[in-house]
Amino acid sequence: MVAKASPENVAATVATAPAAEAVPRTLAEKVWQDHVVVPGNGAGDAQTPDLLYIDLHIMHEVTSPQAFEGLRLAGRTVRRPDLTIATEDHNTPTLEIDQPIADPVSAKQIQTLRDNAQEFGIRLHSLGDAEQGIVHVVGPQLGLTQPGMTVVCGDSHTSTHGAFGALAFGIGTSEVEHVLATQSLPLKPFKTMAITVEGTLREGVTAKDIILAVIAKIGTGGGQGYVLEYRGSAIRALSMDARMTICNMSIEAGARAGMVAPDETTFEYIKGRPHAPQGEDWDAAVEYWSSLPTDEGAAFDAEVFLDADELEPFVTWGTNPGQGVSLSDTVPVPEHFDDPNARAAAERALEYMDLTAGMPMKDIRVDTVFLGSCTNSRLEDLRTAAAIIEGRTKDENVRMIVVPGSARVRLEAEAEGLDRVFKDFGAEWRFAGCSMCLGMNPDQLAPGERCASTSNRNFEGRQGKGGRTHLVSPVVAAATAIRGTLSSPSDLAASESELQEA
Amino acid sequence: MEPFITHTGIGVPLKQSNVDTDQIIPAVYLKRITRTGFEDALFAGWRKDPEFILNREPYSAGSVLVAGPDFGTGSSREHAVWALKDFGFKVVLSARFADIFRGNSGKQGLLAAEVDQQDIELIWKELENHPGTQVTVDLEGRTVTCGSFSTGFQVDDYTRWRLREGLDDIGLTLRTEQEITDFEASRPAYKPATLPARTA
């Protein structure tokens, strides 16, 4: 992002704030520059990384054990336990959570996190705790994710937190250990890409459709080396829950991070949450946050435009998130791809997915509908899905699993009676966690089972060995559970009026 | 970390694009709490097929993986790098790597070297026509040699320096601990802390 500015300029910008206003900067550049502890040297390929300070480090049980092991072996401690928080999410069961975890390997990984948190003094929200849940749902709902912060986690979907105007990205286990020991990370500057979405979304078209369309447009490698900034009237109109859905899947376009400039919607969301600034701190924070949006005239390294008016519900047909089409479209014909790699990937995907080129997407019958994951398991996701299924009947051959993103979301949903709506419909109302997004717990697809999933990855075997995944929005998931085939809410209205006429 | 100067070993053509980390190591293997012993987990799904390249001699003894573009996409799991290393790979060649995977590789001494796709295809051809061909990767000169074919590869200078020196990142950063302490003193009061814990 500061690719065009030399590290010397970065240091100068940080040191002399007033002069900084002369050069228009992007949101990402501002956050980056405000966290440079030691600037790198040189330029281009020879450039050494900047050392960046990390404001918030979130952890879960999967990518942390080997990092703690490394600390222990080197005789190091956690520098800032007070900027670190952990939850259990990937391995946790979503049924009978008061029972011991049946899988001994999962149980051991969870116990290892508990032991490590105890030994190093780290706050942990364990299974059964009201704040337990998916890391990327828990941070924002506690008010710990705020604009202008650097947020990291040993999890690629850390990009979720960028919805607040934070610079948030996934890191590997070695980096987890590095942050634990130093509260900083050596990082090479990223380039910036503006993704501008103008217009108004049609009824039944959501944030999930925006991001799936973006990924199909730029490809799974299109964002590589970039921080994406989502802009434009369609993004501004979105709630925080919806912005998180979009930023969450930035990684699926190959980008390290995705961001949305903070605005009144952001401030409104944070205000009053447990870790929100209070009193004078709140005023100072809002003043700083308000200075973060990209300056007029700031240059991005790349720009992409999307017309929100034209968007339709978007779904995937293949085995990477870039293999998506409009729901009203047909399964692509591999021979129509010019790029031989894309053609080969499409052929392989159709075979794995057991689909015929040219068949309408809406003819695809599913076995399972999964509503959950760090992409779409927040209260708004549950509400919009519940609004569609309420008073309607589930297709008898479809099983639907609803997994709230956190124990808190579950409680809030129950306070609104959403659990009743799902249960009356015949869906399973589960406890919080990552669940069937990646099937590290017992929630997995069987070989050959086909799933309409609100999660983020349709890789081979992602939801269970041999399982077939179609990525969809919560409203498409709900409509699909009713009709048994990939469907949008507008298909329901159409088929119901047909019934009435008959 | 052991210094990396040059490496010679059997090349393995993996003729696929978008090899994501869920394929390199499926999630079920992420439940372990150690850093080693992941060799059985590498490409576990694909290795069930006896025809899969790593199940065939002499590729099963390979140490230079030659893959299609966009290698290592998806999940941030560093286990992907551990599994490749534990199996015996020292180098992965691809036209394009996912950012997190490339970063993880550099930290673990696995060289992720960027080679143009047309050159990758020439190397694939050589490795298929002459199975067991040795590939030499010279980090000093940034060249890769396979049979009579030779070409350059890209790796950034900083990663190259650390690989050659075998340097540990944390040790390097701790040399600037005073700067970190100074930076911490300048952080605004409104920045949140996780402790003491506050809940709704």
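In the legends below, helices (H or I, at least four residues) and strands (E, at least two) are DSSP runs, numbered from the N terminus. The model shown is predicted.

**Figure 1. The contact between chain A and chain B in the predicted model.** The size of an interface is often given as the accessible area lost when the parts come together. Here the area buried between chain A and chain B is about 6,100 Å², and carbon and sulfur atoms account for 54% of this area. Three residues, A:Gln66, A:Arg79 and A:Gln224, together supply 10% of the area that chain A buries against chain B, which is more than any other three residues supply. Counted by residues, the contact draws 89 from chain A and 65 from chain B.

**Figure 2. Polar contacts and the make-up of the chain A side.** Across the interface of chain A and chain B, 42 residue pairs are in polar contact, with both partners at pLDDT 80 or more. Helix α7 of chain A, residues 173-182, gives the largest share of the side that touches chain B, namely seven residues. Sorted by class, that side of chain A has 32 nonpolar, 33 polar and 24 charged residues.

**Figure 3. Salt bridges that join the two chains.** Side chains of opposite charge can pair when their charged atoms come close. Over all chains the count comes to 39 salt bridges, and the count between chain A and chain B is ten. One salt bridge joins A:Arg79 to B:Glu177, with the closest N and O atoms 3.1 Å apart. This pair crosses between chains, for A:Arg79 sits in the loop between α4 (65-74) and β4 (84-87) of chain A, while B:Glu177 belongs to helix α8 (residues 177-185) of chain B. In another salt bridge, the side chain of A:Arg80 meets that of B:Glu184 at 3.2 Å, N to O.

**Figure 4. Three annotated cysteines in chain A.** An unreviewed UniProt entry lists A:Cys374, A:Cys434 and A:Cys437 under "binding site". These residues are spread over 64 residues of sequence, and yet they cluster in space, with a largest C-alpha distance of 8.7 Å. From this set, A:Cys374, A:Cys434 and A:Cys437 are taken into the lining of the largest cavity. A:Cys434 itself lies in the loop between β17 (428-429) and β18 (450-453) of chain A.

**Figure 5. The annotated domain of chain B.** According to an unreviewed UniProt entry, residues 1-117 of chain B carry the annotation "domain: Aconitase A/isopropylmalate dehydratase small subunit swivel".

**Figure 6. Backbone angles at A:Asp354, B:Pro58 and B:Pro196.** Most residues other than glycine have a negative phi, and most peptide bonds are trans. A:Asp354, a residue other than glycine, has a positive phi, near 55 degrees, and is found in the loop between α13 (340-353) and β15 (368-371) of chain A. In chain B, the peptide bond from B:Glu57 to B:Pro58 is cis, with omega near -5 degrees, and B:Pro58 lies in the loop between α2 (44-47) and β2 (64-67). The peptide bond from B:Leu195 to B:Pro196 is also cis, with omega near -5 degrees, and B:Pro196 lies in the segment after α8 of chain B.

Note on methods:
Residues numbered from 1 in each chain as written. Chains lettered and ligands numbered in written order. Predicted model: local features only at pLDDT ≥ 70, side-chain atom pairs only at ≥ 80, totals over all residues. Heavy atoms only, no water. Contact = heavy atoms within 4.5 Å. Buried area = accessible area lost by both parts, 1.4 Å probe. Salt bridge = Lys/Arg side-chain N within 4 Å of Asp/Glu carboxyl O. Polar contact = N/O pair within 3.5 Å; in protein donor to acceptor, adjacent residues only side chain to side chain. Nonpolar A, V, L, I, M, F, W, Y, C, P; charged D, E, K, R; others polar. UniProt positions renumbered as here; feature names shortened; annotations may be inferred. 1 Å grid on protein atoms, 1.4 Å probe; cavity = no way out; pocket = protein on both sides within 12 Å on 5 of 7 lines; lining within 4 Å.
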